[in-house]
Amino acid sequence: MGLASDPPEISPAQASAVARELFGLVDGVAEPKRGERDCNFRIRAAKGHDVILKFCNEAEDPAVIDMQTRALHHIAEYGAGVPVPRVVPASSGETVTRARLEDGRELMVWAMSYLPGETLWDCERTPGLVRAVGSVLAKTDLALRGFFHPAADQCLAWDLMRAGDVAPFADLIKDAGEREMVSCVLDRFCSGSIPQMKGLRGQIIHNDANLGNVLAVPGAASPVTGLIDFGDMVHGSLCAELAIAGADVVLETDDPMGAAAALVAGYHEVLPLEAGELAALFDGILARLAVTLAIHAWRWDQSDGVAPNDIAYEEPCRHALKELSAIGHSAAESLFRRACGMAPSRLPDAGKVLIVDLVARRHRVLGADLALSYSEPLHIVRGEGVWLYDGDGRAYLDAYNNVAHVGHCHPHVVDAISRQSAILNTNTRYLHTTVLDYAERLVALMPDGLDVCVFVN
């Protein structure tokens, strides 16, 4: 599945020699660049443009490398203005050539143009920048729409449609709560979402628009300057393409769903999304985060205690999966639909419930004396922010139910309630530190004299 092979070990001196001998870069200085499977170098050219030199993993299928180079040629021809690297041929004219090293190894090697900018990890991810990422990703998918290659069926652990292959890795997660969370997400995704996504639009996709594979110059007229690393390309769902990017833009941000919505809006503006894709997207984002944590658990298990190279991803993914899981599928889908200018989705079967039947049931089990608001009672099925939604998906601006505090279903409040309920849910006639901590925090906000709290239902 592409997880067990480390990049080949190449020194900068060896890289400079190959750049000189095979690509004619006489004065190039090699600067190592991180790669998961390949060994990459930026060759700083004294004259001309810098290039990225890629020494391919010895276990890499040559067909996959051929797919990458052909895809970049295809985008160059059919994706005007899409910021992806251009293939730099060797002096022999070959797209991919072979380098024979002093130690006897012979590796496939190829080169591409160097693109300027910082990775999204190093940028302030404003809504405008994230929206631009969505736009570039959509333009890339449009350019790839007519592209085909037999290697696109490569067996890859990072292919969301193969999430079932890595689901057993979740058993290696040491923390019981995290292990259960990841397993539940992957079980639900494999049993429900994958069959659904197989019926959605599919094509060859980039499949790895993570924070490290998107380059940007914030503040520029076209801030996204590069989409790189096409080594994970597969034939997959457009929904999976967006979910993979969405799982990264939500990391280490104060408004993860706002970031995901900006990405969706930018994508939809270029390549309009279908209702089924928006319905499956949130579970895809959760699944990508869960796959990442499962693969990390496997890497820890194989590492003899040495931290994996991409360890920086682990804690942000863990935090994001926990925070997003508290939001709920329906609320996320409605948010994505609004980002695309669509009405909130109608909840399945909820709108079919007749108001008169609900009133009759209420009178029977709650009593007729329990008052209802409004002469025509509202069948409210969910809330989000300042909005309440009825069974038909109609939104009502709520100016009545104390929403001025933080809004309905605020993820931080949902998470706090969930955490406390998992520990203890009783009354104040026992000693417990949480209620004391809360009281002290409240009293600290009050003027002198208001120094005692009495908590009621």
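User: Which helix holds Ser 193?
Analyst: Ser 193 lies in helix H5, residues 176-197; helices here are DSSP runs of H or I with at least four residues, numbered from the N terminus. This is a predicted model, in which local features need pLDDT of at least 70 and side-chain atom pairs count only at pLDDT 80 or more, while totals for chains, interfaces and linings use all residues. Residues are numbered from 1 along each chain as its sequence is written, and side-chain values use heavy atoms, with hydrogens and water left out.

User: Is Ser 193 buried or exposed?
Analyst: Ser 193 counts as buried because its relative accessibility is 2%; buried means under 20% relative accessible area, with a 1.4 Å probe and protein chains only.

User: What does Ser 193 contact beyond its neighbours within four places in sequence?
Analyst: Ser 193 is in contact (heavy atoms within 4.5 Å) with Arg 188 and Asp 283.

User: How do the axes of H8 and H9 cross?
Analyst: The axes of H8 (residues 275-302) and H9 (residues 314-325) cross at roughly 145° and come within 10 Å. Axes are lines fitted to C-alpha atoms over the stretch in contact, and angles run from 0 to 180 degrees between N-to-C directions.

User: Which residues meet there?
Analyst: Among them are Phe 282, Leu 289 and Trp 300 in H8, and Cys 317, Arg 318 and Leu 324 in H9.

User: Which residues have pLDDT under 50?
Analyst: Residues 348-353 stay under 50; pLDDT is the predictor's confidence in each residue, from 0 to 100. Where pLDDT is low, the predicted coordinates should not be read in detail.

Methods: Helix = DSSP H or I, 4+ residues; strand = E, 2+ residues; numbered from the N terminus. Buried < 20%, exposed > 50% of the residue type's maximum accessible area, 1.4 Å probe, protein only.
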